[in-house]
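Here is a short tour of a structure, written for someone who likes to look at contacts. Have the viewer open and follow along.

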Protein chains: 2
Amino acid sequence: MGASKTHSFTNQQNELAILAKALGHPARIAIIEYLLKVDTCICGDIVNELPLAQPTVSQHLKELKNAGLIKGNFEGVSICYCIDELGFEKIKSFFQDVTLHLEKRKNNCC
Amino acid sequence: MGASKTHSFTNQQNELAILAKALGHPARIAIIEYLLKVDTCICGDIVNELPLAQPTVSQHLKELKNAGLIKGNFEGVSICYCIDELGFEKIKSFFQDVTLHLEKRKNNCC
DNA sequence: TATTTATATTGCAATATTACGATACATATT
DNA sequence: AATATGTATCGTAATATTGCAATATAAATA
């Protein structure tokens with residue numbers, strides 16, 4: 001085989017995995033960090049900020065977009081990319097859940 | 001090529017990507033969720049909780065361990081796995097950073 | 001209309017991931 | 001020592017990801 005057994009897991013588990021996977025590459029972390037840094041959406045120069053060829057960057061942007069972590073809109077000359085807050089909300093709530101569980105956990109192990 | 005250009009990114013970016021990637025599979029999300037649910041570490045039956053063969057589960061556990069998201073210790077008969085809080089702290093602080101940036105961002109886009 | 005500029009798509013090679021059967025290992029029990 | 005139980009490793013097939021050159025597309029400008 002080789003393909004993920006997606007159907008064997010819940011929608012929520014798959015959705016979280018997709019979001020996490022999208023962040024599972026340093027270039028995509030770098031893109032997100034850059035979008036946060038410039039603090040706006042007019043950003044027609046993402047390619048120049050990364051040590052990768054233009055088609056590769058385009059592909060990473062596409063994956064982030066598919067996962068729901070960024071949005072892209074036409075903005076005059078170039079395309080304007082920005083953080084999609086909805087996607088980040090979903091992951092964040094997972095980690096908040098994790099934290100909650102960890103805090104009230106008894107200290108009975110490790 | 002095909003290999004990730006890891007060396008072109010910062011240590012922090014690579015580390016975050018490794019953590020996110022480890023969570024980028026529904027089986028591994030399921031494992032984390034199960035560990036949180038049982039709320040303890042005596043868990044010699046993770047295999048039975050997942051719709052995957054034992055070697056596959058073992059492999060997923062190894063990846064979570066390598067990424068620093070779970071810890072495994074010998075505990076009598078079976079091996080005791082549990083959440084590694086340190087790994088989760090690292091991701092959490094990234095998302096806190098994201099949130100902070102988003103909150104104070106001007107509404108000048110999208 | 002021709003040119004420029006920014007981004008997307010295609011095609012392909014190198015590599016990584018996913019899954020599992022077979023098998024090895026390690027510990028406890030008989 | 002032999003057996004049982006839980007876990008890890010090996011080997012391998014199927015599939016996915018990564019990266020880029022070449023090329024296509026789309027919008028603004030000359």
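## A helix pair in chain A

Let's start inside chain A of this predicted model. From α2(A), the residues A27(A), R28(A), I31(A) and I32(A) meet H60(A), L61(A), E63(A) and L64(A) of α4(A). Sorted by class, the residues of this contact are 5 nonpolar, 1 polar and 2 charged.

How are the two helices arranged? Helix α2 (residues 26-38) of chain A and helix α4 (residues 54-67) of chain A pack at an angle of about 75°, and their axes lie 10 Å apart. Angles of 65 to 115 degrees count as roughly perpendicular, so α2(A) and α4(A) are roughly perpendicular to each other.

## Where the chains meet

Now zoom out to both chains. In chain B, 48 residues are in contact with 48 residues of chain A. The two chains, B and A, bury about 4,400 Å² between them, and 68% of that area is on carbon and sulfur atoms.

Which elements of chain B give two or more residues to the side that touches chain A? They are α1 (11-22), α2 (26-38), β1 (70-75), β2 (78-83) and α5 (85-103) of chain B. The largest share comes from α5(B), with 10 residues. By class, this side of chain B has 26 nonpolar, 12 polar and 10 charged residues.

## Polar links across the interface

What about specific polar pairs? Between chain B and chain A, 8 residue pairs are in polar contact, with both residues at pLDDT 80 or more. The count of salt bridges between chain B and chain A is 0.

Note on methods:
Residues are numbered from 1 along each chain as its sequence is written. Chains are lettered from A and ligands numbered from 1 in the order in which they are written. This is a predicted model: local features need pLDDT of at least 70, side-chain atom pairs count only at pLDDT 80 or more; totals for chains, interfaces and linings use all residues. Side-chain values use heavy atoms; hydrogens and water are left out. Contact means heavy atoms within 4.5 Å. Buried area is the accessible area (1.4 Å probe) that two parts lose on being put together, summed over both. A salt bridge is a side-chain nitrogen of Lys or Arg within 4 Å of a carboxyl oxygen of Asp or Glu. A polar contact is a pair of N or O atoms within 3.5 Å; within protein, one must be able to donate a hydrogen and the other to accept it, and residues adjacent in sequence count only if both atoms are side-chain atoms. Helices (H or I, at least four residues) and strands (E, at least two) are DSSP runs, numbered from the N terminus. Ala, Val, Leu, Ile, Met, Phe, Trp, Tyr, Cys and Pro count as nonpolar, Asp, Glu, Lys and Arg as charged, and the others, Gly among them, as polar. Axes are lines fitted to C-alpha atoms, for helices over the stretch in contact, and angles run from 0 to 180 degrees between N-to-C directions. Angles under 35 degrees count as roughly parallel, over 145 as roughly antiparallel, 65 to 115 as roughly perpendicular and the rest as oblique.
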